[in-house]
Each structure stands twice: as C-alpha cells, then as structure tokens.
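Subject: A structure for you to look at

Hello,

Here is the structure I promised you. Please open it next to this email and follow along.

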Amino acid sequence: MPLTEGQKQILKSTAPIFKENGKEITSILYKHLFAHHPDLLNIFNRTNQKNGTQPFALANTVFLAIKNIDNLEVLMPQILLIAHKHRASTVRPEHYPIVGKYFLIAIDEFLGGMADPDIRNAWSAAYKIISSIFIDIEKKLYAELGDKHQQGFIPFKIIEKEIIAKGPIAAITLERNDGGKLQKYHSGQYITLQIKKDGILHIRHYSLMQPYDGKSYRIAIKQDNDHEPKGIVSTEIITKYNVGDIITLSLPAGTFKLVDSDKRCLFIAVGVGITALSAMIYDLHQQGKADLVTLIHCVTNEDQAIFADDMRRILSENRYHVLLQGKKQLHDLIKKIITPETNVYLCGSVQFINKVEEYLLKCNHPSSQIHIETYQPALSLVKGAVKNSATTKPI
C-alpha cells in the first residue's frame with residue numbers, strides 16, 4: 001500500500017532523528033532482536049556488530065531511504081549492493097517482518113515510549129515498502145543460482161594455503177567438495193565464508209582475487225592483530241584451517257565490477273584491499289588491455305605489497321606504484337595520472353576511501369566514474385552512498 005501524503009510528511013519531519021541518533025536506535029533494535037532471536041546472529045558479521053559499524057550502516061540506510069522516499073530509484077545501486085550482501089548471508093523473506101517488529105520497538109524505546117501512533121504507523125508503512133523492494137530483488141538473486149542446493153552455504157575443500165605477505169596474509173584456494181556446479185562470477189565479486197567457533201556460526205565476505213577459471217575460488221585473508229575486536233573468521237581460518245579441511249561458503253555475489261573495459265582505469269587500494277582489484281587487473285591483462293591500467297597500492301611497508309611481482313610483470317614501471325601511506329604523496333600522484341575519462345576503482349577502509357574520493361571530487365572528477373568497494377558495511381559510507389550512482393560495499 002502506498003504512503004499517504006500525511007505519512008510522507010511525518011517521515012520527513014522525523015527522519016532527522018535517524019541522522020542524529022540512528023546508531024543508538026539501531027543498536028537498540030539489534031539488542032532486542034538477538035535477545036529474542038539469537039539464531040539470526042548467524043547471518044550477521046559479529047565483529048561488525050561489536051565495533052558498531054553494522055548499526056551505523058543500518059541507520060544510514062534508513063535515513064537515506066526516508067530522505068528519498070519519493071524517489072527510491074536514486075538509491076537503487078546501493079539497494080542492489082545490500083541485496084547481494086543479504087543473499088550471500090542467506091537473509092530470507094521471513095526475516096524482514098521480525099526485524100520490522102524490533103525496528104518499531106526500538107523507535108518507541110528511544111522516544112521513551114512516547115511515540116505517537118501516527119509516527120509508528122508511518123514508519124511501519126515505510127519499512128514494509130522498503131523491505132518489499134529488498135525481498136523482490138533477493139528472490140531474483142536466489143533464483144539466478146538455481147535450485148536450493150545452490151542457495152545456501154556449500155562445503156568446499158581447501159586445496160592450497162600459502163602465506164603471501166606479513167600480517168600474516170594467506171592466500172586460500174578452494175574447490176567445491178560436493179560435486180556441484182562452480183558458480184561463475186565477474187571480477188570484483190566476493191564469496192562469503194562461514195565457520196563455527198565454540199558452537200557459534202560466524203560469517204565474513206572475501207573478495208575473489210583472480211578471474212573465474214571454472215575450477216576453484218581463490219581469496220586472500222589477513223589476520224588483523226592491530227584492532228579490537230579482532231576478525232573472528234580471518235583469525236580462525238589462518239590459525240586453524242589447513243589444506244584438506246572443509247569450509248562452507250555461499251556462492252559469489254556483489255555489484256563491484258569493471259564498468260567499461262575500453263577506458264583508462266586507475267586502481268587505488270590500501271593494504272589487503274588490493275585483493276578486490278587484482279582480479280580486475282588480471283582480467284584486463286587477459287583481454288590484452290593492461291596498457292589501460294594504472295595501479296596505486298598504499299601500504300604501511302613494502303612487505304605488504306602483495307602481488308607486487310605479478311603487477312610488475314603485467315604493468316609497465318610507470319603504471320605500478322607502491323606508496324608508503326602518505327596522503328600528500330598519493331594526491332600528487334593522482335593529480336599527475338588522472339584524466340576526465342578515467343574510471344577510478346577504490347578499495348579500502350571507509351576513512352581511506354572518503355579522503356581519496358574527496359580529493360577526486362575536488363579535482364572535478366565525475367562521481368559516475370568513481371567506483372568503490374569498502375571493508376565495512378556499505379552505508380557506513382554515507383557520502384558515497386548518496387552521490388555515487390555506480391558502486392560502493394545491513395540488515
């Protein structure tokens with residue numbers, strides 16, 4: 001049922017609540033949701049719950065959806081991106097009414113139990129419209145995989161594991177273990193790994209680091225010892241999983257991809273973010289288009305410049321740059337390389353992407369030619385979500 005004009009006005013007048021207090025409201029939502037439905041924790045990255053990026057991303061999703069309630073089409077790239085994450089995490093239609101229930105409870109609790117019935121009804125109606133859009137898109141994404149055996153978490157065997165850089169960073173190669181079909185993917189997509197630790201399921205998305213070869217999936221995993229909470233899935237796989245072990249994963253998903261392989265491309269990554277870009281670079285190399293590629297890889301030290309040997313082989317000296325992290329040096333190099341026609345692909349932390357994107361826009365580079373993949377949930381990156389019509393990375 002469409003929103004009434006009165007409901008639209010209520011939503012627009014109360015939307016600033018989410019702009020200012022959204023993370024607090026969505027944290028209340030998740031607290032009640034998981035208390036009553038602990039099984040739903042299995043479809044969330046628990047580290048992102050602990051560090052607050054998941055509630056922040058959901059709050060931004062709600063705020064942007066309400067802000068654009070008269071024209072949700074402008075958010076379709078971000079909606080598609082989130083829908084892919086939902087499919088990869090096995091979010092199902094029946095989950096949406098459950099989340100919706102605690103969404104309204106959280107609003108009421110934040111307002112001290114004083115939410116006007118008209119406010120609750122307006123937000124309930126909006127949630128149903130937004131959730132129906134996600135449900136319809138996700139049904140199509142599931143259908144694209146084939147039957148139900150393709151739609152969940154599937155056993156794969158680790159056939160190769162090697163440490164490729166300090167950190168440590170490990171490259172893992174996986175082959176399907178049940179005799180089923182290996183799903184084709186485009187460079188830039190990811191797979192979602194699921195592990196069990198202390199009887200609890202945990203998931204995490206990992207970019208595929210090579211073009212599709214019809215035989216296996218290959219990813220790179222960094223054990224992050226520098227931040228709390230530590231990444232549970234990455235730490236567990238690096239320290240406890242070995243060649244021959246079985247791990248479950250959901251088939252490739254994601255909207256990050258090459259948009260025009262005939263234009264010049266500038267790839268900019270920080271640290272292990274190079275994995276999301278490497279498949280694209282290898283892809284262009286296989287097409288005979290390596291001369292269109294320039295790569296800037298920002299690292300804390302040169303030991304972390306994974307794929308350096310390959311990149312030096314594929315790219316000429318003036319097209320491959322390893323920078324020890326320093327913003328001015330990076331900005332100077334971008335200014336030297338960039339042309340109005342260049343497609344720019346960014347991968348890294350939200351903070352890194354925000355800084356680089358801000359600089360690109362100061363250079364009047366078209367936002368439609370800036371394509372983003374981030375380590376954190378997609379709409380924790382508010383700026384990119386609003387103005388980028390290309391690509392960016394609850395419930």
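A residue counts as buried when its relative accessible area is under 20%, and as exposed when that area is over 50%. Keep in mind that this is a predicted model.

**Gln369**

Start with Gln369. Its relative accessible area is 12%, so Gln369 is buried. Look for Gln369 in the loop between helix 11 (350-362) and strand 11 (370-374). What does its side chain reach? The side chain of Gln369 comes to 3.0 Å from the backbone oxygen of Thr342. Setting aside neighbours within four places in sequence, Gln369 has contacts with Lys263, Pro340, Glu341, Thr342, Asn343 and Val344.

**Tyr359**

Now go to Tyr359, which sits in helix 11. Tyr359 is buried because its relative accessibility is 15%. Its side chain reaches the backbone oxygen of His331 at 3.1 Å. Leaving out residues up to four places away in sequence, Tyr359 touches His331, Ile334 and Lys335.

**Domains**

How is the chain divided? The domain assignment gives domain 1 (5-144), domain 2 (149-253) and domain 3 (265-380). Take domain 2 and domain 3. Their centres, taken over C-alpha atoms, are 24 Å apart. In domain 2, 14 residues are in contact with 14 residues of domain 3.

The size of an interface is often given as the accessible area lost when the parts come together. Here domain 2 and domain 3 bury about 1200 Å² between them, and 65% of it is on carbon and sulfur atoms. Ser187, Met209 and Pro211 supply 35% of the area that domain 2 buries against domain 3, more than any other three residues.

How many salt bridges run between domain 2 and domain 3? The count is one. Lys166 forms a salt bridge with Asp303, and the closest N and O atoms are 3.3 Å apart. Four residue pairs are in polar contact across the interface of domain 2 and domain 3. On the side of domain 2 that touches domain 3, strand 1 (154-165) and strand 5 (217-222) each supply at least two residues.

**Salt bridges**

Side chains of opposite charge can pair when their charged atoms come close. The count for the model is 14 salt bridges. Glu109 forms one with Lys31, with the closest N and O atoms 3.6 Å apart. This pair links distant parts of the chain: Glu109 is in helix 5 (residues 95-110), Lys31 is in helix 1 (residues 5-36), and they are 78 residues apart. Glu109 is partly exposed at 35% relative accessibility. Lys31 is partly exposed too, at 49%.

Asp108 pairs with Arg120 in a salt bridge, the closest N and O atoms being 3.3 Å apart. Asp108 is in helix 5 and Arg120 is in helix 6 (residues 117-145), 12 residues apart. Arg120 is partly exposed, at 30% relative accessibility.

Asp178 forms a salt bridge with Arg176, and here the closest N and O atoms are 2.5 Å apart. Are these two buried or exposed? Asp178 is partly exposed at 42% relative accessibility, whereas Arg176 is buried at 14%. Elsewhere, salt bridges that share partners join Glu5, Lys8, Lys12 and Asp70 into one network.

**Helix 4**

Helix 4 (residues 76-88) has 13 residues. At 1.5 Å a residue, helix 4 should span 18 Å, and its end C-alpha atoms are 18 Å apart, which agrees. Helix 4 is mostly covered, with 11 of its 13 residues buried. Among the buried ones are Ile79, Leu81 and Ile82.

**Positive phi values**

Most residues other than glycine have a negative phi. Look at three with a positive one. Asp198 has a phi near 55°. Asp198 lies in the loop between strand 3 (190-197) and strand 4 (200-207). Phe307 has a phi near 70°, and is found in the loop between strand 8 (293-299) and helix 9 (308-314). Which is buried and which is exposed, Asp198 or Phe307? Asp198 is exposed, with a relative accessible area of 70%, whereas Phe307 is buried, with 13%.

Best wishes

Definitions and conventions. Residues are numbered from 1 along each chain as its sequence is written. This is a predicted model: local features need pLDDT of at least 70, side-chain atom pairs count only at pLDDT 80 or more; totals for chains, interfaces and linings use all residues. Side-chain values use heavy atoms; hydrogens and water are left out. Helices (H or I, at least four residues) and strands (E, at least two) are DSSP runs, numbered from the N terminus. The expected span of a helix is 1.5 Å times one less than its number of residues. Buried means under 20% relative accessible area, exposed over 50%, partly exposed in between (1.4 Å probe, protein chains only). Domain bounds come from an automatic or database domain assignment. Contact means heavy atoms within 4.5 Å. Buried area is the accessible area (1.4 Å probe) that two parts lose on being put together, summed over both. A salt bridge is a side-chain nitrogen of Lys or Arg within 4 Å of a carboxyl oxygen of Asp or Glu. A polar contact is a pair of N or O atoms within 3.5 Å; within protein, one must be able to donate a hydrogen and the other to accept it, and residues adjacent in sequence count only if both atoms are side-chain atoms.
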